[in-house]
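Here is a model to look at together, with some friendly questions about how its features get their labels.

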Amino acid sequence: MQTRPLGTTGPQVSALGLGCMGMSALYGEADRAESIATIHAALEAGVTLLDTGDFYAMGHNEMLIGEALRAAPAALREQALTSVKFGALRDPDGGWSGYDGRPAAVRNFAAYSLQRLGVDHIDVYRIARLDPNVPIEETVGAIAELVEKGHVRHIGLSEVGADTIRRAAATAPIADLQIEYSLISRGIEDEVLPTTRELGIGITAYGVLSRGLISGHFTADRQLAPTDFRSMSPRFQGENLQHNLSLVEALRKIAEQKGVSVAQIAIAWVLSRGEDIVPLVGARTRERLTEALGALDVTLDDADLAAIEQAVPADAAAGDRYPAAQMSHLGTDR
């Protein structure tokens, strides 16, 4: 498995990370046994970075990863690096109530995550979205205290803008920024990516297949459960969906010419954007994991990249990546 540095202050990690959220929440039913088997298969393939959030199904995802790690051979368990997001407030009905970045809350969230994961430290710890009532310096400072005590190894950020990145980096060393980045979500290229590169901060890119939209497997007639995030996502609605799937078909022609799948060429494109970018693949089954890992063998030359750019230009997607109510929480500079 190829490796990449997680910024200048973080660890070496596998070139692909495994995003485990879909094994617990937001994308329909998942099979627990298959989820654990997929985590084990990822570790066996050399994947080291396992990404989760303490609020994914109210702790279910962390417990799932903890169970998988306990059942894994010691050598594989030791190579696993945990990346955890915290701060989202939930209620028993599954509702969302904002974010809490107060230092006391940071310590509280970390204590529960360590217990659920069954580990003595978290490798990368980050608030999922900014708390508008707490300066980023206070939140990052609290994580830095956890680093000093050995409970956390590295500090990360998630979905923030350039100004916040600079303020956080002035407070403590930042390993990486987790943010959505894909062929049809390229907003980081203008300000965020130049800033992270200037400061030596890595990128862990989630949504590299845009929640399955550009995986090559999503169809216009697919029925989504009301609890599936995509049933509310603007990009999956009506004319937006039809337009976005037409982009997928244009990409499919290029993939077929190279003898690879749409998902593989979409992941390979993200991999091609720089050694400082680590794509997170949200595979929920071993079959999808195997397909995603195949992207590591795809080489895109200048002609391929030009063809992809022509087929799916920047800003070509129709619809925002989140519903309007959630867009206000993305990239907020505080």
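Helices (at least four residues) and strands (at least two) are taken as DSSP runs, numbered from the N terminus. Please keep in mind that this is a predicted model.

Q: Where is Arg211 found?
A: Arg211 sits in the loop between strand E11 (202-206) and H8.

Q: What makes the phi of Arg211 worth a look?
A: Arg211 is not a glycine, yet its phi is positive, at about 60°.

Q: Why is Arg211 called buried?
A: Buried means under 20% relative accessible area. Arg211 has a relative accessible area of 13%, so it is buried.

Q: Which residues line the largest cavity?
A: Arg211 is one of them, and the lining also includes Glu180, Ser210, Leu213, Ser233, Arg235, Phe236 and Arg321. By class, this lining divides into 2 nonpolar, 2 polar and 4 charged residues.

Q: How many cavities of 30 Å³ or more does a search of the whole structure find?
A: The search finds 1 cavity of that size. The space in the largest cavity is about 40 Å³.

Q: What is the phi of Asp315, and where is its place?
A: Asp315 has a positive phi near 65°, and this residue is other than glycine. Its place is in the loop between helix H11 (302-311) and helix H12 (324-327).

Q: Is Asp315 buried or exposed, and how do you know?
A: The cut-off for exposed is over 50% relative accessible area. Asp315 has a relative accessible area of 78%, so it counts as exposed.

Q: Why are H8 and H9 called roughly perpendicular?
A: The axes of helix H8 (residues 238-258) and helix H9 (residues 262-271) cross at roughly 95° and come within 8 Å. Angles of 65 to 115 degrees count as roughly perpendicular, and H8 and H9 are therefore roughly perpendicular to each other.

Q: Which residues make the contact of H8 with H9?
A: From H8 come Val248, Leu251, Arg252, Ile254, Ala255 and Lys258, while H9 brings Val262, Ile265 and Ala266. The residues of this contact divide into 7 nonpolar, no polar and 2 charged.

Q: What makes Ile136 count as buried?
A: Ile136 lies in helix H5 (residues 136-148). With buried set at under 20%, the 2% relative accessibility of Ile136 means that this residue counts as buried.

Q: How many residues apart in sequence are Ile136 and Asn61?
A: Ile136 and Asn61 are 75 residues apart in sequence, and C-alpha to C-alpha they are 26 Å apart in space.

Methods:
Residues numbered from 1 in each chain as written. Predicted model: local features only at pLDDT ≥ 70, side-chain atom pairs only at ≥ 80, totals over all residues. Heavy atoms only, no water. 1 Å grid on protein atoms, 1.4 Å probe; cavity = no way out; pocket = protein on both sides within 12 Å on 5 of 7 lines; lining within 4 Å. Points joined across faces, edges and corners; volume = space filled by probe spheres on them. Nonpolar A, V, L, I, M, F, W, Y, C, P; charged D, E, K, R; others polar. Axes fitted to C-alpha atoms, helices over the stretch in contact; angles between N-to-C directions. Parallel < 35°, antiparallel > 145°, perpendicular 65-115°, else oblique. Contact = heavy atoms within 4.5 Å. Buried < 20%, exposed > 50% of the residue type's maximum accessible area, 1.4 Å probe, protein only.
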